[in-house]
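Colleague: Can you take me through the side-chain contacts in this model? I would like to start with the charged residues and then move to the rings.

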Amino acid sequence: MSNTAIKVDNLGKLYRVGQIVSYSTLRESITDAMLAPFRRIRSDRKQQEHAIDASPSGRDTIWALKNVSFEIEHGNAVGIIGRNGAGKSTLLKILTRITTPTEGYAEIYGRVGSLLEVGTGFHSELTGRENIYLNGAVLGMKRREIDLKFDEIVEFSGVKMFIDTPLKRYSSGMQVRLAFAVSAYLEPDILVIDEVLAVGDNEFQKRCLGKMDEVTKGGRTVLFVSHNMAAVKAFCQRTILLEQGEIVMDGPTEEVIKYYLSSGLHNQAERKWDDMNNAPGGNVVRLHSVRAKNSEGKVISEFNIQEPIYVEMEYWVLEKGWDLTNSFYFYDESGLLLFVSRNNLDSNRQNREYPVGLYRSVCCVPGNFLNEGTIVITAAIATDARALHAIERDAISFHVFDPGSGGVRGDFTREWPGGVIRPLFEWNTEHIPS
């Protein structure tokens, strides 16, 4: 008997720019899920012709996925990584039957539980309790089976006080906690998880990773999409790297992550969003740009270890009256969080409620502080109430190099020992008279 959980063969998805894509109704999705013990997702000829119906030059079309093939066996945890627009979410939407491919097919052996984005699979007018039973029905479970898992789901999600409250009254964090608990505890054969775990706090993320590890040890399969390289490295033995809709690398997680973060696929010292509507953020604030500059004000991707690095973000404040906190998260090429810098000691923002307008915040990292290697920056804007208003993971990256003399190194010519930082401290040596 085959141990295959997911088989993808020559999968491709072509979108027409500006085209409105229709999806299945909830009733159709529930009926389909309950009728199929496993699912084979093929390209539909009519849809394919419709999707490709574009200008003769093809300038109005874009391949979100192209020539994607892989197999995953039951009981494995596989990571999917790549920068924004690489095709990760499109792949998950095909595997969970939210959309169908233009070419190729995917075979899914078993029941699929998915956590793609806040609110997916939930009905906002129904209570938390009703949504738990609805999702169980979608997975083909009987009511008594759901009853046995109900208390565990509520306990893990931490929404017991609000379980009979309509979901539209839940915060995004509460929705994610409940959605994850439902997906994990109703025991699907395959669990598909997108970046939404980022909405939860660190403690919740640790609990999620522990639960996913428990799921795989129980013989079930997890497909995990994340920009958090440390989480992917800790949880997934195998990782697939996507770039422009195609598989660039598929192999051991540590090797794939190192290649991704140290290659030109990831390095870009500036990100900019000219269209406010498409920029990261919401009604309070949206990012306009994130970049790394040298002391001359030039955007560069290679920094001398001895020189300061200026990391800046520009952002639109859309609602007045908010006391905003800006943060940069510094990661190394393995996905390890090195440190976090916040503007809480910036005298220009303390106890300040920002008027509407465009702002720039700059963080100066002194020379002789970071170690050699690739540095990846996540930019975030929140309030002191811990409400996250804007975040862009892996916003930019740059490389720090050692010129070989001076600075911390001095006349030390051999390879410098490891470490996440390389600060220049003052030393003093004196002779102690006998």
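**Side-chain contacts**

Modeller: K211 forms a salt bridge with E214, with the closest N and O atoms 3.0 Å apart. A salt bridge here is a side-chain nitrogen of Lys or Arg within 4 Å of a carboxyl oxygen of Asp or Glu. This is a predicted model: local features need pLDDT of at least 70, side-chain atom pairs count only at pLDDT 80 or more, and totals for chains, interfaces and linings use all residues. Residues are numbered from 1 along each chain as its sequence is written, and side-chain values use heavy atoms, with hydrogens and water left out.

Colleague: Where do K211 and E214 lie?

Modeller: Both lie in helix α7 (residues 202–217), three residues apart, about one turn of the helix. Helices (H or I, at least four residues) and strands (E, at least two) are DSSP runs, numbered from the N terminus.

Colleague: Is K211 buried or exposed?

Modeller: K211 counts as buried, because its relative accessibility is 8%. The cut-offs are under 20% relative accessible area for buried, over 50% for exposed, and partly exposed in between (1.4 Å probe, protein chains only).

Colleague: How many salt bridges are there by this rule?

Modeller: The count comes to 16 salt bridges. One of them joins R238 and D250, at 2.9 Å from N to O. R238 is in strand β9 (residues 238–243) and D250 in strand β10 (residues 246–252), so the pair ties together parts that are twelve residues apart in sequence.

Colleague: And how accessible is R238?

Modeller: R238 counts as partly exposed, at 22% relative accessibility. D250 also counts as partly exposed, at 34%.

Colleague: Switching to rings. How many aromatic pairs?

Modeller: The count comes to nine aromatic pairs. Rings of Phe, Tyr and Trp (its six-membered ring) pair if their centres lie within 6.5 Å; planes under 30 degrees apart count as stacked, over 60 as edge-to-face and the rest as tilted. Y133 and F150 are a stacked pair, 5.8 Å centre to centre with 25 degrees between the planes.

Colleague: What does that pair tie together?

Modeller: Y133 lies in helix α4 (residues 128–138) and F150 in helix α5 (residues 143–157), so the pair ties together parts that are 17 residues apart in sequence. Both residues are buried.

Colleague: Which charged end sits over the ring of Y133?

Modeller: That of R143, 4.3 Å from the ring centre. The rule asks for NZ of Lys or CZ of Arg within 6 Å of the ring centre and within 35 degrees of the ring normal.
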